[in-house]
Amino acid sequence: MNGLPKRRAASELGNTVEGYLLWQAQISEAEQRAREFVRPMEWLTTSQRTEIECHYAADRLRRARRDLERIAARSLALRAEYEHRYRQLRRRCLGLTLTVCAIVTTVATLLSVL
């Protein structure tokens, strides 16, 4: 049991690092797509180009954040559902095991009496 909190902390750290790296990749992709978006607009001044890139990247990041939050919420919902089903299955298996043990014990007792 002593290793469980350490494993959980390591898992949480791993998830945090993975989330950070995922978000950094989203930022890089948004910035790259923003540059590609304004590239054909040669008539823009440098400041206009920069402003459009910033707005475009910010919009992409808002959308990405919303998508990631929706996915995370769905993952939590699925996890709760699967944990509930697992607990039900475990109870059923335990009940079945106890029933079989009781029947075997009763039969063995009856056979030993005869």
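Tutor: Let's go through the aromatic rings, the salt bridges and the surface charge.

Student: Before that, what kind of model is this, and how are residues numbered?
Tutor: This is a predicted model, where local features need pLDDT of at least 70 and side-chain atom pairs count only at pLDDT 80 or more, while totals for chains, interfaces and linings use all residues. Residues are numbered from 1 along each chain as its sequence is written, and side-chain values use heavy atoms, with hydrogens and water left out.

Student: OK, aromatics. How many pairs does the structure hold?
Tutor: One aromatic pair. Phenylalanine 37 and tyrosine 56 have ring centres 4.8 Å apart and planes at 20 degrees, so they are stacked (rings of Phe, Tyr and Trp, the last by its six-membered ring, pair with centres within 6.5 Å; planes under 30 degrees apart are stacked, over 60 edge-to-face, the rest tilted).

Student: And where do those two sit in the chain?
Tutor: Phenylalanine 37 is in helix H1 (residues 3–38) and tyrosine 56 in helix H2, 19 residues apart, so the pair links distant parts of the chain. Helices here are DSSP runs of H or I with at least four residues, numbered from the N terminus.

Student: Is phenylalanine 37 buried or exposed, or in between?
Tutor: In between: phenylalanine 37 is partly exposed at 38% relative accessibility, and tyrosine 56 is partly exposed too, at 25%. Buried means under 20% relative accessible area and exposed over 50%, with partly exposed in between (1.4 Å probe, protein chains only).

Student: Switching to salt bridges, how many are there?
Tutor: Eight, each being a side-chain nitrogen of Lys or Arg within 4 Å of a carboxyl oxygen of Asp or Glu. In one of them, aspartate 59 meets arginine 63 with the closest N and O atoms 3.0 Å apart.

Student: Why are those two about one helical turn apart?
Tutor: Because aspartate 59 and arginine 63 are four residues apart in helix H2.

Student: What about glutamate 83, which residue does it bridge to?
Tutor: Arginine 79, again with closest N and O atoms at 3.0 Å. Arginine 79 counts as exposed at 55% relative accessibility, whereas glutamate 83 is partly exposed at 36%.

Student: Which residues are linked in a network?
Tutor: Glu29, Arg33 and Arg60 are linked by salt bridges.

Student: Last one: which residues gather in the positive surface patch?
Tutor: Arg87, Arg90, Arg91 and Arg92. Patch members have over 30% relative accessible area and no salt bridge, with like charges joined within 9 Å. Arginine 87 lies in helix H2 (residues 46–113) and is partly exposed at 36%.

Definitions and conventions:
Patches are made of residues with over 30% relative accessible area and no salt bridge: like charges are joined within 9 Å, nonpolar side chains (Val, Leu, Ile, Met, Phe, Trp, Tyr) within 5 Å. Accessible areas come from the Shrake-Rupley method with a 1.4 Å probe; for residues, only the protein chains shown count as cover. Lys and Arg count as positive and Asp and Glu as negative; His and the chain ends are not counted. The place of a charge is taken as NZ of Lys, CZ of Arg, CG of Asp or CD of Glu.
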